[in-house]
Structures are given as structure tokens and as C-alpha cells.
Amino acid sequence: MRVRSSGFFILVFMGFMACDPNRFYENNVDFKSETWHKDSVAIFDVEIPDTFGVYNIYLNSRINGQYGYSNLYLFVTTLLPNEQIIRDTLECILADVNGKWLGKGFGNIWSNKIPYRKYIRFPQKGKYTFYIEQAMREDELKHILNAGIRIENAKK
């Protein structure tokens, strides 16, 4: 009887966690052997239905606590529906000055949701393609589990 009731509460809890009314799009790419090779590009296609919505864009990262740096540099390239290209370089701060990991941690894994663009409107409707590359000047960046993108409906 006790096992059944515990299972029920776990299912209910997971159901609440799955409800995320602000999330418009989210996807992550896992890296084999926790290594992000400099030639590996995480690619995300997002269909934007209109130009009226207001969004926040975040970059996701999950690292192993053995990651050797307090930051992560990324190249973010966006291909708009009209073939225009926007390219940014972003520094993601993953640890404070004392070396304490930022973000949410569970065991030795740390997740970060890094603000990239806040309160934006997409200029056109259609398919936007986001390309994310590590820019740390290492061929193989160790202890990176995955990287991704999250687009949320901005709260008004």
C-alpha cells in the first residue's frame, strides 16, 4: 500500500513539473562522452507564428562539476526567415568569483538558464534557425553534458 501511494505522489509531482505555461520552445542537444567538440554545432529550428508575441530567449547548459572553467563562451548564429544572419558572441558565467557553481545543481550536475535576449519581438513570422557553437578555443571541451535554447512567452 505504501509503495502505491508513493508512486501516485511521484506521478502527480511530475505532472506539475511538466506544466510550464511560459515555455514556447525548448530543446537541448546532448554531447557524447560529456565533450563538446569545436566542430559540433547545436542546431534548433523554431517556427514563429506571428510578429505580435513578446519573448525571452535563454541558452541552456548542463555541466559536470569537474568542468574546468568558471565561464563558457558561445557563438550564437540566428538565420531569419528572410535569410538574414545575426551572429553574437556570448559569455556565460557559470561560477562566482569564489568558484561556487551558479544555476541549479543536483549531485555533481549543474544546469544554467542564461539570458540571451529579453522582451523581443521576432520581426517576421516563419522558421528561425539557431546555431550554437562553443567558442572556448579548445578542440574538445570536457564535462559539458548538453546545450540548448529556451524561448519563453514574456510576462507582461
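How much accessible surface does the protein chain have, and what share of it belongs to carbon and sulfur atoms? Show the surface of this predicted model and you are looking at about 9900 Å², of which 55% belongs to carbon and sulfur atoms.

**Whole chain.** Switch to cartoon view and select everything. Of the 156 residues, 37% count as buried. Among contacts with a separation of 6 or more, 79% join residues 24 or more positions apart.

**Colour by confidence.** The chain has a mean pLDDT of 89, and 87% of its residues reach 70 or more. Now select helix H1 (residues 2-18): confidence is lowest here, at a mean of 48, while strand E9 has the highest, at 98. Residues 1-17 have a pLDDT below 50, and this stretch makes zero contacts in the model beyond near neighbours in sequence. Where pLDDT is low, predicted coordinates should not be read in detail.

**Second largest pocket.** Next, select Thr-78, Ile-86, Arg-117, Ile-120 and Phe-122. The pocket holds about 180 Å³ of space, and of its 13 lining residues these five, Thr-78, Ile-86, Arg-117, Ile-120 and Phe-122, are the closest to the centre. Then highlight strands E6 (85-93), E8 (109-120) and E9 (126-134), each of which supplies at least two lining residues. E8 gives the largest share, three residues. Finally, colour the lining by residue type: nine are nonpolar, one is polar and three are charged.

Terms used
Residues numbered from 1 in each chain as written. Predicted model: local features only at pLDDT ≥ 70, side-chain atom pairs only at ≥ 80, totals over all residues. Heavy atoms only, no water. 1 Å grid on protein atoms, 1.4 Å probe; cavity = no way out; pocket = protein on both sides within 12 Å on 5 of 7 lines; lining within 4 Å. Points joined across faces, edges and corners; volume = space filled by probe spheres on them. Helix = DSSP H or I, 4+ residues; strand = E, 2+ residues; numbered from the N terminus. Nonpolar A, V, L, I, M, F, W, Y, C, P; charged D, E, K, R; others polar. pLDDT = per-residue confidence, 0-100. Contact = heavy atoms within 4.5 Å. Buried < 20%, exposed > 50% of the residue type's maximum accessible area, 1.4 Å probe, protein only. Areas by Shrake-Rupley, 256 points an atom, 1.4 Å probe, with all protein chains shown as cover.
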